[in-house]
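Open the model in your viewer and keep the selection panel handy. The stops below follow one another.

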Amino acid sequence: MGFRVVEIQPTPNPNAVKLMLDRAVSEQPMSFFNAAAAKDHPLAAKLFAIEGVSSLLLLGDFITINKSPAATWADITAKAKAVLTAA
């Protein structure tokens, strides 16, 4: 059963957004600072497959995505929503 993105919240960091979900994704904080660190976590690995994603934080009912400065949010958030819906 996939996740529904309820809201996308900006953060003080222009290279990070918080995706609020309809249910918990992780009870404990899980940080992934690169794709190699996420290789054993299927959802995080799929999010890292999105070009421009540089790190992730999964906690409770949200995921914080950090992007590389050259990447655009429009591309990343649309693809992240698709990944989460299919999860």
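How far apart are the end C-alpha atoms of helix H2 (residues 73-86)? They are 20 Å apart. That agrees with expectation, because 14 residues at 1.5 Å a residue should span 20 Å. Bear in mind that this is a predicted model.

Select Trp 73, Ile 76, Thr 77, Ala 80, Val 83 and Leu 84, the buried residues of H2. They lie on the same side of the helix, because they cover an arc of only 125° around the axis. Residues three or four places apart in an α-helix point the same way, so such a pattern can be read along the turns. Now pick Ala 74, Thr 85 and Ala 86: on the other side of H2, these are exposed.

**Stop two: the cover.** Show what lies over the buried residues of H2. The cover includes strands S1 (5-10), S2 (16-21), S4 (53-60) and S5 (62-67), together with helix H1 (42-48).

**Stop three: the core.** The largest nonpolar core has 24 residues. Select Leu 43, Leu 47, Leu 56, Ile 63, Ile 65 and Leu 84, which touch the most other members. At least two core residues come from each of S2, H1, S4, S5 and H2. H2 gives the most, with five.

**Stop four: Ile 65.** Center on Ile 65. Beyond neighbours within four places in sequence, its contacts include Val 17, Leu 19, Leu 56, Trp 73, Ile 76 and Ala 80.

**Stop five: the hairpin.** Select S1 and S2. They form a hairpin with five residues between them. Their pairing is antiparallel, over five bridges. Finish at Glu 7, which stands opposite Met 20 in S2.

Notes
Residues numbered from 1 in each chain as written. Predicted model: local features only at pLDDT ≥ 70, side-chain atom pairs only at ≥ 80, totals over all residues. Heavy atoms only, no water. Helix = DSSP H or I, 4+ residues; strand = E, 2+ residues; numbered from the N terminus. Expected span 1.5 Å × (residues − 1). Buried < 20%, exposed > 50% of the residue type's maximum accessible area, 1.4 Å probe, protein only. Arc of directions from axis to C-beta. Contact = heavy atoms within 4.5 Å. Core = buried A, V, L, I, M, F, W, Y, C linked by side-chain atoms within 4.5 Å. Pairing = 2+ DSSP bridges.
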